[in-house]
Structures are given as C-alpha cells and as structure tokens.
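Student: I have a model open and would like to talk it through with you. Could we take it piece by piece?

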Amino acid sequence: MAALADLAATMVAIAKTRLALMEVDLDQALLRLVVLLSWCAAALFAFVLAVAAGLAAAVLAVASEDRVAVLVGAAFVLLLLGAASVAVALERIRRAPRWFAATLEELGKDQAILRASPP
C-alpha cells in the first residue's frame, strides 16, 4: 500500500512540474505573440507610410517636371523600405519556435522513462 501511495505522490509531483513548465511555455508564447504583433503593426505602418509617400511623390512629380527623377527615386526607395519591413516581419514569423516545445520535450522524456522502467 505504501508503494502505491509513493507512486501516486510521484505522479502528482510529475504532473505539478509539467504544469509549471507549461505555464512558463505559455508565458513565453504570449510574449512572442505580443512581439510578433508589434512587428506586424510596425511593418504595416511602414508599408502604408511608404505607399503614401510614393503617392505624394507621384503627385509632386506630375506637378513639377524638373524634379521627376529625384521624387520618383525617393518614392521607390520608401516603397522598398516598406516591403523590406514586411519581409522582416514574415521572416520573424517563420523562425518563431514551436509553442510548448519544452513541455513536449519533457513529456517525451517522461514517457520514455516510464516505458523503460520495469513493472
């Protein structure tokens, strides 16, 4: 009977540890989500700003013909900066680690240990 109580206590301790680890993983995942959303908002803002600047440059280029090359070039550079910021945000999304990776790894280790232990 004592062995059964020890087994139950061990299982409860394992579950408690894994839940604590899952809480940490969830905190990290939420932080990554907030950072990712911030980058997406910044990229969207930069893109909209680049498009607006490009449109403004096009309007100015039409209004004054002598500065056409400079204004169109500046608009193109701003548009490329907006596109680059979107690309950076997408790359951050692609490289983000899997959610709950540490928890899944620890649960896999627990499963391997429990399978290897003789009954």
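Student: Let me start with R18: is it buried or exposed?

Tutor: R18 is buried, because its relative accessible area is 16%, and buried means under 20% relative accessible area, exposed over 50% and partly exposed in between, with a 1.4 Å probe and protein chains only. Please keep in mind that this is a predicted model, in which local features need pLDDT of at least 70, side-chain atom pairs count only at pLDDT 80 or more, and totals for chains, interfaces and linings use all residues. Residues are numbered from 1 along each chain as its sequence is written, and side-chain values use heavy atoms, with hydrogens and water left out.

Student: Where is R18, and what does it touch?

Tutor: R18 sits in helix α1, and, leaving aside residues up to four places away in sequence, it touches E106, L107 and D110, where a contact means heavy atoms within 4.5 Å.

Student: Zooming out, how many helices and strands does the chain have?

Tutor: The protein chain has three helices and zero strands, in the order α-α-α from the N terminus; helices (H or I, at least four residues) and strands (E, at least two) are DSSP runs, numbered from the N terminus.

Student: And how much of the chain is buried?

Tutor: Of its 119 residues, 13% count as buried. The chain exposes about 9,000 Å², and carbon and sulfur atoms supply 76% of that area, with accessible areas taken from the Shrake-Rupley method with a 1.4 Å probe, where for residues only the protein chains shown count as cover.

Student: Which residues form the nonpolar patch on the surface?

Tutor: The patch is formed by L44, F47, V48, V51, L55 and L79, which together have about 510 Å² of accessible area.

Student: Which helix gives the largest share of it?

Tutor: Helix α1 (residues 2–63) does, with five residues, while L79 is found in helix α2 (residues 68–95). L79 counts as partly exposed because its relative accessibility is 37%.

Student: How far apart are A56 and A75?

Tutor: They are 19 residues apart in sequence and 8.2 Å apart in space, C-alpha to C-alpha. A56 belongs to helix α1 and is partly exposed, with a relative accessible area of 39%.

Student: And V77, where does that lie?

Tutor: V77 lies in helix α2 and, at 46% relative accessibility, counts as partly exposed. V77 and A50 are 27 residues apart in sequence, yet 8.4 Å apart in space, C-alpha to C-alpha.

Conventions
Patches are made of residues with over 30% relative accessible area and no salt bridge: like charges are joined within 9 Å, nonpolar side chains (Val, Leu, Ile, Met, Phe, Trp, Tyr) within 5 Å. A salt bridge is a side-chain nitrogen of Lys or Arg within 4 Å of a carboxyl oxygen of Asp or Glu.
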